[in-house]
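Thanks for coming, everyone. Please look at the sequence and the structure on the screen while I talk.

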Amino acid sequence: MLSRCPCRLLHVLGRSSLLLTRRPLLLCAPCLMKPLVVFVLGGPGAGKGTQCARIVEEMDQTMATNAQKNKFLIDGFPRNQDNLQGWNKTMDGKADVSFVLFFDCNNEICIERCLERGKSSGRTDDNRESLEKRIQTYLQSTKPIIDLYEEMGKVKKIDASKSVDEVFDDVVKIFDKEG
């Protein structure tokens, strides 16, 4: 789409709204649409990073063929009220949050996954003491953000305690339904 758009250089520069010209400027459809954002949230070890990688890998082909470059996944954001306020202040009217993809998983399963990951990841925070603190931070800071979006009817909840493939099947169903 970008190569056929008469404002392709301006897209690259990100300045299409600042151009002054005597001739009318025809913008491609993605120029006129606000980006659609999907926030991806869940506790530590719920599978956010794993599933986001699969989403990008599997759906990149589809997005390329449909030229739908105005859709974005944001992994692990907003994590707290300050993040949300910053988003709202900066992005109000510039992007629409389509939905929150919430990977819901039992805390003990999350801890076990992270401990297993820690055996090979080299992450220093994949130990039981750090994980318990991270889960408390998640429950105090991030879960209220999920609850807020739930009240707005924008949360798509997935049982993330299942296998990676089963969770991804549920993710695909949500994206198929939501577009």
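First, some ground rules. This is a predicted model, where local features need pLDDT of at least 70, side-chain atom pairs count only at pLDDT 80 or more, and totals for chains, interfaces and linings use all residues. Residues are numbered from 1 along each chain as its sequence is written, and side-chain values use heavy atoms, with hydrogens and water left out.

Two strands pair if DSSP finds at least two bridges between them.

Now the sheet. In what order do the four strands lie? The order is β2-β1-β3-β4, in an open sheet with parallel pairing. β2 (71-75) and β4 (155-159) stand at the edges. Each has a single partner strand, so one side of each has no neighbour in the sheet. From one strand to the next, the twist averages 20 degrees. For angles, axes are lines fitted to C-alpha atoms, for helices over the stretch in contact, and the angle between N-to-C directions runs from 0 to 180 degrees.

Look at β1 and its partners. β1 (residues 36-42) pairs with β3 (residues 96-104) in the parallel sense, over seven bridges. β1 also runs parallel to β2, joined by five bridges. Take F39. Its bridge partner in β2 is I74, and its bridge partner in β3 is V100. L36 has a bridge partner in β3 too, namely D96.

Is β1 enclosed or open? Six of its seven residues are buried, so β1 is largely enclosed by the rest of the structure. Buried means under 20% relative accessible area, exposed means over 50%, and partly exposed is in between, with a 1.4 Å probe and protein chains only.

Stay in the sheet for F99, which sits in strand β3. At 2% relative accessibility, F99 is buried. Contact means heavy atoms within 4.5 Å. Not counting residues up to four places away in sequence, F99 touches V37, V38, F39, K154, K156, I174, F175 and E178. F99 and Y149 are 50 residues apart in sequence, yet 8.1 Å apart in space, C-alpha to C-alpha.

Next, helix α7. α7 (residues 164-178) packs on the sheet and touches β1, β2, β3 and β4. Its direction makes about 160 degrees with that of β3. α7 has 15 residues and reaches 21 Å from its first C-alpha to its last, close to the 21 Å expected. That expected span is 1.5 Å times one less than the number of residues. Which residues of α7 are buried? They are V167, F168, D170, V171, I174 and F175. These cover an arc of only 160 degrees around the axis, which puts them on the same side of α7. The arc is that of the directions from the helix axis to the C-beta atoms. The face turned away from the buried side carries the exposed residues K173, D176 and K177.

On to α5 (residues 107-121). Its end C-alpha atoms are 20 Å apart, which agrees with the 21 Å that its 15 residues should span. C110, I111 and C114 are its buried residues. What covers the buried residues of α5 includes α6 (128-151). After α5 comes G122, with a positive phi near 80 degrees.

Now α6 itself. L131 is in this helix, and it is buried, with a relative accessible area of 1%. Leaving out residues up to four places away in sequence, L131 touches I111, C114, L115, D125 and D126. Beyond its neighbours within four places in sequence, T142 is in contact with L41, P78, R79 and T137.

One last stop: P78, in the loop between β2 and α4 (81-91). The peptide bond from F77 to P78 is cis, with omega near -5 degrees. Most peptide bonds are trans.

Definitions and conventions:
Helix = DSSP H or I, 4+ residues; strand = E, 2+ residues; numbered from the N terminus.
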